[in-house]
Amino acid sequence: MRILNLRSSLLRGLSAGTAVATLATGLAACGGNSDAAGKSDGEAPGTVTVGAHSNGAAKETALKVSEVKAISAELPKTIAKKGKLVIGVGALPTGSVPLNFVGDDQKTLTGAEPDFGRLVAAVLGLKPEVKNLTWENLFVGIDSGKVDTAFSNVTDTEERKKKYEFATYRQDNLGFEVPKKSTWNFDGDYRNLPGKTVSVSRGTNQEKVLLEWKAKLKKEGKDLTVKYYPDNNSVYLALNSGKIDAHFGPNPSIAYHTTHTANTPNATRSAGKFSGAGTKLQGLIAATSKKDSGLAEPVSEAINYLIKNGQYAKWLAAWNLSNEAVSTSKVNPPGLPLDNS
């Protein structure tokens, strides 16, 4: 699996819908530095507001979180001295709802990823400075030291470990979306797919996975029909009209769409998830810093503090991403192997 394909699939799966286009308006015009949602003079000390300016993609939630001295004491001296955490987000040019996008004020970078970076910075006692970059320049920024750590849906891979260190904070999942009235569920087993018609985007990681399942079913004498559509509007027209039984795509995009349609006649729901790394490994999303920077350990400890004290669960719930929760943050756990990166 190519991680770029997985990320491209997320962007592709989100960019076509009318609502998503509205949320992302103006993102291409943003420079390298962006205001982060909730970072305002009016925010009370010890409070981080997540889900601000989300245009309905999240439930705005104020979370109490303050510096934990025992954790901030472990920061590299250079980071502690400057008193800020430069957070890289690869949201240019179009962003990825609900992960990172320009908010309804047409200027503020919002999303689950910058929100979580701000929560981690608060535990570390650092002022968050969010830099909005292209995906490629995100890594250039880390390499050059202009970015301390990235919160940008980066998957932990063995290839990337040659240059970067990781502190994991979310599962990397694909998922099935069905009409709310549907009784079908994936239940983590491709053998529940015979007789179904499922749409998927071409050239994506989820297409690769779905076609592998189709080939397995064919050997078993069973059939799975795979359909392709040019954009999200076409996908959801097909789903609402019954031309397809389910859509297979990135779990965050499904989380956004189910939230967006919840109170409409065309409401949808998640029918199950599947690791973006395949059957043998649970893919993990991680805060990404330069190798040997000394940041992975304190960042991981900050994440575990947020998990233990409940802010982590509330952050995920605000963005409807609770089904991507991890029980603990780990430093450099096994990632996608070199032959699948």
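Which residues touch the most other members of the largest nonpolar core?

## The model and its confidence

This is a predicted model, in which local features need a pLDDT of at least 70, side-chain atom pairs count only at pLDDT 80 or more, and totals for chains, interfaces and linings use all residues. Residues are numbered from 1 along each chain as its sequence is written, and side-chain values use heavy atoms, with hydrogens and water left out.

The protein chain has an average pLDDT (the predictor's confidence in each residue, from 0 to 100) of 89, and 87% of the residues score at least 70. Over residues 1-31, however, the pLDDT is below 50, although this stretch has 86 contacts (heavy atoms within 4.5 Å) in the model beyond near neighbours in sequence.

## Overall make-up

The protein chain holds 11 helices and 15 strands, where helices (H or I, at least four residues) and strands (E, at least two) are DSSP runs numbered from the N terminus. Of its 341 residues, 55% are buried, a word that stands for under 20% relative accessible area, found with a 1.4 Å probe and protein chains only.

## The nonpolar cores

A nonpolar core is a set of buried Ala, Val, Leu, Ile, Met, Phe, Trp, Tyr and Cys residues joined through side-chain atoms within 4.5 Å. The largest one has 48 residues, and those that touch the most other members are Phe-116, Leu-119, Val-120, Leu-124, Val-299, Trp-315 and Trp-319. Helix 5 gives the largest share of this core, 7 residues.

Within helix 5 (112-123), Val-120 is in contact with Phe-151, Val-299, Ala-302, Ile-303 and Leu-306, if its neighbours within four places in sequence are left aside. Another core, of 19 residues, lies apart from the largest one and includes Phe-186, Val-200, Val-209 and Leu-224.

## A covered strand

Strand 2 is covered on both faces, with Thr-47 and Thr-49 buried on one side and Val-48 and Val-50 buried on the other. Strand 2 runs antiparallel to strand 3 (residues 61-64), to which 4 bridges join it, and the bridge partner of Val-48 in strand 3 is Leu-63.

## A buried glutamate

Glu-324 is found in the segment after helix 11, and it counts as buried because its relative accessibility is 0%. Although Glu-324 and Gln-171 are 153 residues apart in sequence, they are 4.7 Å apart in space, C-alpha to C-alpha.

Leaving aside neighbours within four places in sequence, the residues in contact with Glu-324 are Arg-170, Gln-171, Asn-173, Asn-251, Pro-252 and Tyr-312.

Terms used
Buried means under 20% relative accessible area, exposed over 50%, partly exposed in between (1.4 Å probe, protein chains only). Two strands pair if DSSP finds at least two bridges between them.
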